[in-house]
Amino acid sequence: MPYSYDVTARSQAAPDAVFAALTHAATWPLWSPIDSADVEDGDPGDRQQVGDTRIFRTGRNVARERIVELVTDRRFVYDTLGGPFRSYRGTIDLAPAPGGGTDISWYATFDPKLPLSGGFWRWYLTRFMQRMADGLAAYANGGTV
């Protein structure tokens with residue numbers, strides 16, 4: 001049974017600044033709870049493209065994510081590879097906010113491997129990803145890529 005979460009944040013930065021932070025893995029540890037970021041066969045400081053696989057470390061946890069769709073300044077879509085999920089697709093939509101800035105909507109659908117764990121993962125991921133969205137919004141306000 002698939003589960004989902006949906007979190008939102010608003011940045012005072014324009015969509016291009018928010019998108020730039022998303023497409024440079026090296027920035028993620030600067031604005032999120034992630035400890036480190038790498039890119040398979042690439043440089044985390046370079047702009048990532050569709051097909052790139054990124055490796056994020058948080059404590060002892062390692063997540064591998066492949067970028068599957070990019071729409072410049074509007075959308076960033078990724079699949080998590082392996083881990084505790086049979087499937088996991090995350091989407092980050094960016095929209096110009098009324099009066100300036102960017103509305104960020106970060107959501108995902110996922111199917112956990114462990115039966116009866118979906119409620120836990122929804123609870124955990126909603127909180128974790130809200131921290132991610134809030135950190136992205138704040139970083140884009142004054143960050144440089």
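Predicted model: local features only at pLDDT ≥ 70, side-chain atom pairs only at ≥ 80, totals over all residues.

Visitor: What counts as a strand, and when do two strands pair?

Guide: Strands (E, at least two residues) and helices (H or I, at least four) are DSSP runs, numbered from the N terminus. Two strands pair if DSSP finds at least two bridges between them. Here, strand 3 and strand 4 run antiparallel and are joined by six bridges. Another of their pairs is Arg57 with Val62 in strand 4. In the hairpin of these strands, two residues lie between them, and Gly59 takes a positive phi near 60°.

Visitor: How many bridges join strand 4 to strand 5?

Guide: Seven, and again the strands run antiparallel. Glu65 stands opposite Thr80 in strand 5. This hairpin has three residues between its strands, with Asp73 at a positive phi near 65°.

Visitor: In what order do the strands sit in the sheet?

Guide: Seven strands make an open sheet, ordered 1-7-6-5-4-3-2, with antiparallel pairing. Strand 1 (3-11) and strand 2 (36-39) are at the edges with a single partner strand each, so one side of each has no neighbour in the sheet. From one strand to the next, the twist averages 20°.

Visitor: At what angle do helix 1 and helix 3 pack?

Guide: For angles, take lines fitted to C-alpha atoms (for helices, over the stretch in contact) and compare N-to-C directions, from 0 to 180 degrees. Helix 1 (residues 15-22) and helix 3 (residues 118-142) pack at about 115°, their axes 9 Å apart.

Visitor: Which residues meet there?

Guide: Contact means heavy atoms within 4.5 Å. Ala17, Val18, Ala21 and Leu22 in helix 1 meet Leu136, Tyr139 and Ala140 in helix 3.

Visitor: And where does helix 3 touch the sheet?

Guide: Helix 3 touches strand 1, strand 5, strand 6 and strand 7, and its direction makes about 20° with that of strand 1.

Visitor: Which element gives the largest share of the lining of the largest pocket?

Guide: Rolling a probe the size of a water molecule over the atoms shows where empty space is left. On a 1 Å grid over the protein atoms alone, using a 1.4 Å probe, a pocket is an open set of points with protein on both sides within 12 Å along at least five of seven lines; lining residues have an atom within 4 Å of a point. In this model, helix 3 gives the largest share, six residues. Of the 24 lining residues, Ala63, Glu65, Phe85, Leu125 and Phe128 are the closest to the pocket's centre.

Key:
Residues numbered from 1 in each chain as written. Heavy atoms only, no water.
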